[in-house]
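These notebook entries record what I looked up in the structure.

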Amino acid sequence: MTTPPLAPPRTPGLAWRPLTVDDVPAWHGLVRAVEDFDDTAERNTPDDLVDALTDGSWKDPAADTVVAMDADGVPRAFGVVEVRPGDTRSVRAFCWGGVHPGWRGRGVGRALLRWQEERARQKTAEARRDLPALARVHTDEHVAAARRLLERAGFRAERWFVDMTRQLDGDHPVPEVPLDPDLRLVPLASVDADAVRRAHNEAFAGHWGSEPRSEEDWRRSVVGSRYLRADWSFVVLDGDEVAGYTVASAYEQDWEVQGYTCGWTDLLGVRPAWRRRGIAPALLAASMGAFARSGMERADLGVDTENGSGALALYTRLGYRPDRKGIAYTKEL
């Protein structure tokens, strides 16, 4: 049985209700104000916000989102809770939200986070799986106010991530990384998408925070992403078997804030049976070459600093350098 929608927060001067697609233009203005004030690493477009409400059969914005309107009907705070289907090791509720800088310090963030936590508790219970349940929030390391809010609410900093960047100019040439003769580098688009998805699920089975990606999720958010650059994305095949893959995107909305153009490596994976054969560096070099040919100034990616596969060391050897840091905060439900 589905739990009835949770009553929205109550805060002085604000009227709370669920978000709708009609809210997107005004909501985007609020999101931009939050991103600019907090100097966040990622920037959202209006299309991203539409996706947050509609892109996935599991999404229910009427029950899983809230927006706070002031007396003039201007949005001043928002929250989203999402539980994706298919989790097998834990049921994760991802919480995302923000409060306009001018409305901070009034208890709005605390009320919003309490609502998100309770909705996360409801949704993970609805999943009806005999698995640990948790709420997770990601924030940039330098946003001290968000970190204090989360820690006071009982969330703990569980994992640190670092964005890394590598220049692609003449002083930083793309390395040549040959593959074994029995392996072939081919474009991502030439390989069955579900074969790559299955390879991804196998490659990431032991990674912290990773859960199997469903066919729908992969189709919508990976190979169907508006940001995907298929010409920057590659697969290494051993015969007909997917040995490794890389998926890269162009997030042009981030470039002005970053101060440079870049290709972003979203996913990089090698199946266990094919590791230690130089596949990961060959894939990265192929993407870097594609970035450079497209006129990108840098190659960027993100990494879990505690990744046990040696990814951080690999990226450093290939010339990537640390940039921004982020933190995954978790609370058991």
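**Entry 1. Arginine 324 and aspartate 140**

I first looked up arginine 324, which forms a salt bridge with aspartate 140; their closest N and O atoms are 3.9 Å apart. I note at the outset that the model is a predicted one. Which parts of the chain does this pair tie together? Arginine 324 belongs to strand β12 (residues 321–332) and aspartate 140 to strand β5 (residues 133–140), so the bridge ties together parts that lie 184 residues apart in sequence.

I then checked the accessibility of each partner. Arginine 324 has 24% relative accessibility and therefore counts as partly exposed. Aspartate 140 has a relative accessible area of 16%, which places it among buried residues because buried means under 20%.

I also followed the shared partners. Salt bridges join Asp36, Asp39, Arg43, Asp140 and Arg324 into one network.

**Entry 2. Aspartate 39**

I stayed with a member of that network, Asp39. Aspartate 39 sits in the loop between α1 (24–38) and α2. I found its phi to be positive, about 55°, although the residue is not a glycine. I recorded this value because most residues other than glycine have a negative phi. With a relative accessible area of 35%, aspartate 39 is partly exposed.

**Entry 3. Further salt bridges**

How many salt bridges does the count come to? I noted a count of 33 salt bridges. I looked at two more of them in detail.

Aspartate 47 and arginine 226 meet through their side chains in a salt bridge, at 4.0 Å from N to O. This pair links distant parts of the chain: aspartate 47 is in helix α2 (residues 46–54), arginine 226 is in the loop between α7 (215–221) and β8, and the two are 179 residues apart. Aspartate 47, with a relative accessible area of 42%, is partly exposed. Arginine 226 also counts as partly exposed, at 42% relative accessibility.

Arginine 17 and aspartate 23 likewise meet in a side-chain salt bridge, with an N to O distance of 2.7 Å. Are the two partners buried, exposed or partly exposed? Arginine 17 counts as partly exposed at 32% relative accessibility, whereas aspartate 23 counts as buried at 10%.

**Entry 4. A positive surface patch**

**Entry 5. Arginine 276**

Arginine 276 is not a glycine, yet it has a positive phi of about 65°. Its place is in the loop between β10 and α9. At 83% relative accessibility, arginine 276 counts as exposed.

Phenylalanine 204 lies in the loop between α6 (193–203) and α7. At 16% relative accessibility, phenylalanine 204 counts as buried. The C-alpha atoms of phenylalanine 204 and proline 272 are separated by 9.4 Å, the two residues being 68 residues apart along the chain.

Serine 225 lies in the loop between α7 and β8. Serine 225 has a relative accessible area of 18% and is buried. From serine 225 to serine 249 I noted 24 residues in sequence and 8.7 Å in space, C-alpha to C-alpha.

Conventions. Residues are numbered from 1 along each chain as its sequence is written. This is a predicted model: local features need pLDDT of at least 70, side-chain atom pairs count only at pLDDT 80 or more; totals for chains, interfaces and linings use all residues. Side-chain values use heavy atoms; hydrogens and water are left out. Buried means under 20% relative accessible area, exposed over 50%, partly exposed in between (1.4 Å probe, protein chains only). Helices (H or I, at least four residues) and strands (E, at least two) are DSSP runs, numbered from the N terminus.
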